[in-house]
Amino acid sequence: MGSIKMCQMILFFAVLSAVLAVTSGKNSTDSYWLLRIKSELVDPVGVLARWYSRTNTCSWKGVVCSDDQLHIIGLNLSGSGLSGSISPEFSHLTSLQTLDLSSNNFTGSIPPELGLLQNLRELLLYSNYLSGKIPTEIGLLKKLQVLRIGDNMLVDEITPTIGNLMELRVLGLAYCQLTGSIPAAIGDLKNLQFLDLQKNSLSSVIPEEIQGCVELQNFAASNNKLEGEIPASLGNLKSLQILNLANNSLSGSIPLELGGLSNLKYLNLLGNRLSGKIPSELNQLEQLQKLDLSSNNLSGTINLLNTQLKSLEALVLFDNLLTGSIPSNFCTSSSSLQQLFLAQNKLSSNFPLELLNCPSIRQLDLSGNSFKGVLPPALEKLENLTDLLLNNNSFSGKLPREIGNMSSLETLYLFDNTFTGSIPVELGKLQKLSSIYLYDNQLSGRIPREITNCTSLSEIDFFGNHFMGSIPATIGKLSNLVFLQLRQNDLSGPIPPSLGYCKKLRTLALADNKLSGSLPPTFRFLSELRLFSLYNNSLEGPLPESLFLLKRLGIINFSHNRFSGSILPLLGSDFLTLLDLTNNSFSGPIPSRLAMSKNLTRLRLAHNLLTGNISSEYGQLKELKFLDLSFNNFTGEVVPELSNCKKLEHVLLSNNRFTGMIPSWLGGLQKLGELDLSFNLFHGTVPAELGHCSRLLKLSLNDNSLSGEIPPEMGNLTSLNVLDLQRNNLSGQIPSTFQQCKKLYELRLSENSLTGSIPSELGTLTELQVILDLSRNLFSGEIPSSLENLMKLESLNLSCNQLQGQVPPSLGKLTSLHMLDLSNNHLRGQLPSTFSEFPLSSFMRNDKLCGPPLESCSESTGQEQNRLSNTAVAGIIVAIVFTSTLICLVLLYIMVRIWCTWRKVMILSSDSGGTEHNMEEEKWDYGDEKKRKGEYWKVNTMALVPSKEKQNLSSPTCIFQLKMDSETMVGQGDVF
């Protein structure tokens with residue numbers, strides 16, 4: 001017997017040793033694979049540091065062994081900071097029931113080898129960076145109960161093999177990039193309780209087969225692209241507690257069958273395209289706690305009654321087309337309703353007094369409707385109300401002082417109504433009030449100092465009212481104030497120094513008032529200030545130097561005040577994005593400190609007294625989009641470093657004393673939309689490179705000393721609306737490429753030396769509207785008839801040129817024209833009849849224009865004919881006079897000849913009598929000598945001239961100096 005017992009004991013220990021050997025071998029195999037897996041992972045915090053072969057595997061971090069410690073059944077490494085890929089070698093851990101690698105940094109795809117883990121019940125891989133498709137091998141995990149692989153970058157469709165996981169209770173695929181439709185095979189998951197498909201790109205319709213998930217309690221498929229109608233079969237999911245289909249493209253009406261989901265607690269259908277009425281069957285959902293049907297196209301009246309929905313805590317119906325008012329039996333004193341959001345509908349009537357029966361309401365939003373009338377004093381019954389939003393309605397009248405009794409009130413939004421009167425001083429009792437928005441009303445009076453007792457206030461917005469008087473001097477008591485907006489009122493007086501003690505202030509907007517005085521030095525304490533807006537006031541004086549301590553300022557607008565001195569105190573922040581100091585009296589140069597504001601996008605310093613050059617350091621402002629230095633006293637050239645500001649869209653440098661040539665690098669500013677260099681001292685040519693600014697809308701180079709021709713590259717500015725080159729010394733012709741500038745509505749080229757004819761291509765610029773001004777140039781030729789196409793043109797000036805020919809009759813079609821000047825040219829012919837409404841000055845100093853408002857063309861023709869007759873008469877008269885004169889001269893010539901001949905005969909006759917006579921004693925005898933007063937009259941050659949006796953008469957006897965042969969004359973004397 002002893003030997004038998006010994007044999008039995010030996011056999012027992014042999015079997016035990018064999019079992020231990022086998023067990024040890026199994027455990028060592030799992031540890032081997034775990035160490036292999038560890039070697040492939042990145043473990044920055046050393047979570048797996050104690051994984052090594054000399055220690056018991058079951059003591060390793062995250063490892064869970066079976067009760068007998070023979071098998072590794074669980075591995076939980078969630079939130080361990082591990083990275084790398086998920087190793088296929090996990091498939092060797094065949095006893096695994098739970099694998100949790102969630103909330104790490106794993107990348108790569110889900111290995112299909114995980115489908116070999118036939119004992120796996122929970123697979124948790126959510127919140128990693130996994131990509132690729134969901135492997136079809138997942139469908140091999142027959143015992144799987146929980147599959148959560150969402151919050152990754154998984155793509156493509158949901159594999160239909162998921163329908164093979166008959167034990168599945170939880171399926172989480174949310175927050176991925178999955179596409180395609182919801183597989184109908186999901187309807188085979190009879191045990192499924194939780195289905196989360198949110199935040200993907202799933203499309204198509206919700207499959208009817210989903211009604212097969214009879215145990216489903218939570219169905220969330222919000223934020224996808226699902227379309228079609230909501231299946232009525234969802235009403236068969238009697239266990240459903242949560243239904244979230246928000247933010248899809250679902251259409252049609254809300255199924256009546258949803259009213260049969262007696263266990264439903266949460267129904268969210270917001271952000272779809274649902275239409276029709278809200279079914280009254282939803283009143284049967286007695287367990288419902290939250291109902292959100294907002295942002296749809298639902299219409300009709302509100303027929304949901306809180307008297308039946310006794311568990312309802314939140315009713316959200318905003319942004320629909322609901323009409324009418326709130327039902328009279330909407331609420332009871334035993335109501336659980338805490339949130340009622342009815343904003344942005346078409347609800348009307350006075351303030352719904354029915355809501356006063358809902359004392360449990362904490363948040364009430366009726367904004368964006370058509371409610372009207374006064375607010376009832378009984379509003380104070382809503383004693384639990386924390387948020388009252390009545391903005392964007394038509395409420396009127398005075399604010400009830402009873403609002404001051406609503407002690408729980410934290411948010412009061414009454415803006416964009418027509419409230420009048422003053423702010424009740426009782427509001428000062430609202431110790432919990434943090435936000436009060438009263439802007440865009442007609443409130444008036446003073447801002448009560450009692451409001452500064454609301455020490456919890458963080459936001460005040462009274463914009464666009466008629467408040468007057470001074471800002472309460474005690475405003476510094478609001479130590480929690482972050483946002484103060486008092487813009488566009490009638491506030492006056494100085495800014496109270498105590499405002500500087502609101503040290504949490506981030507936004508201070510006091511613009512568009514009548515504030516005066518200087519800035520208080522206490523503003524140096526506003527170290528959190530981001531936005532500082534004081535424009536359109538009467539503030540003055542130099543800025544406190546201590547403002548330089550405001551290091552967080554991002555937006556400063558002090559424009560349209562009377563500030564003076566240096567702008568340096570405003571440049572202490574490196575976070576400036578906008579600086580607008582337009583219309584002040586700041587002087588001196590722009591400090592170089594401005595170049596430290598690397599995020600500056602808008603710099604507006606126009607209409608000041610600033611001097612100096614543009615510093616090359618401003619080329620560091622590479623985010624700059626808007627630069628306005630116009631109407632100052634800047635000098636020098638535009639520095640080339642500004643070419644680094646590639647984001648510039650507006651460059652306004654007009655009315656300064658900049659010199660040099662217009663920089664060609666401006667053509668490299670591809671985003672430039674407005675360039676104004678007018679009224680400076682620029683010379684040289686217009687750079688052809690400007691034609692590269694394809695986004696340019698306005699180009700003003702007028703009133704400089706530019707010369708040369710207009711570059712044809714200007715035609716590349718196809719987006720241009722305004723081109724102003726007037727008052728320069730430009731020459732040459734208008735480039736024909738201008739026809740490409742189809743969006744021009746204002747073209748000014750006057751007062752240059754442009755020549756040639758007006759291009760007919762200008763007639764293709766059919767968007768010209770404001771003006772076409774080509775006056776005071778040297779244009780010649782005729783006015784092109786193509787200008788008839790400029791039907792929108794309101795002003796046309798072609799005066800002071802050398803234009804010829806007729807005014808095209810077709811220009812009479814320009815019915816939009818209200819200013820026309822064709823004066824000082826060489827035009828002729830009849831004006832279009834529609835031009836009769838323009839003044840005479842529009843056509844003066846031309847050659848032969850006629851027609852209203854000038855004299856009629858028939859009168860002009862008659863006068864011209866009369867002028868021709870008079871000329872003819874004058875010609876005849878001249879001819880007669882000339883002819884008569886000629887005849888007289890001929891007759892006179894004949895008479896003189898006869899007389900001269902006769903006198904010669906007489907002399908010869910006397911000589912023949914033997915008597916010699918001296919020429920001095922010679923006398924003419926007419927028969928008897930006649931003596932008058934001792935004088936003798938003697939005949940001269942052309943006239944009778946009296947001569948005294950002692951006068952020496954030596955004149956020739958004949959002006960023709962006739963010399964006749966005496967013998968001939970003697971011979972002829974017989975004739976006489």
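## Ground rules

Residues are numbered from 1 along each chain as its sequence is written, and side-chain values use heavy atoms, with hydrogens and water left out. Because the model is predicted, local features need pLDDT of at least 70 and side-chain atom pairs count only at pLDDT 80 or more, while totals for chains, interfaces and linings use all residues.

## Salt bridges

Side chains of opposite charge can pair when their charged atoms come close. The structure holds 13 salt bridges. Each is a side-chain nitrogen of Lys or Arg within 4 Å of a carboxyl oxygen of Asp or Glu.

Helices (H or I, at least four residues) and strands (E, at least two) are DSSP runs, numbered from the N terminus. Accessibility also has cut-offs: buried means under 20% relative accessible area, exposed over 50%, and partly exposed in between (1.4 Å probe, protein chains only).

## Lysine 133 and aspartate 156

These two side chains form a salt bridge, 3.3 Å from N to O. The pair links distant parts of the chain, 23 residues apart. Lysine 133 sits in the loop between strand 7 (131-132) and strand 8 (146-148), and aspartate 156 is in strand 9 (residues 153-156). Lysine 133 has 54% relative accessibility, so it counts as exposed. Aspartate 156 has 30%, so it is partly exposed.

## Aspartate 574 and arginine 593

Here the closest N and O atoms of the salt bridge are 3.0 Å apart. Both partners lie in loops. Aspartate 574 is between strand 42 (562-565) and strand 43 (578-580). Arginine 593 is between strand 44 (585-588) and strand 45 (602-604). Aspartate 574 is partly exposed at 35%. Arginine 593 is partly exposed at 22%.

Glutamate 623 and lysine 647 meet in a salt bridge of 2.7 Å, N to O. Glutamate 623 lies in the loop between strands 46 and 47, and lysine 647 in the loop between strands 48 and 49, so the pair ties together parts 24 residues apart in sequence. Glutamate 623 is partly exposed at 29%. Lysine 647 is partly exposed at 28%.

## A nonpolar patch

Phe882, Leu886, Ile887, Val890, Leu891, Tyr893, Ile894 and Ile898 form a nonpolar surface patch. Together they have about 790 Å² of accessible area (Shrake-Rupley method, 1.4 Å probe; for residues, only the protein chains shown count as cover). Patch residues have over 30% relative accessible area and no salt bridge; like charges are joined within 9 Å, nonpolar side chains (Val, Leu, Ile, Met, Phe, Trp, Tyr) within 5 Å.

Isoleucine 898 lies in helix 2 (residues 857-911). Its relative accessibility is 54%, so isoleucine 898 counts as exposed.
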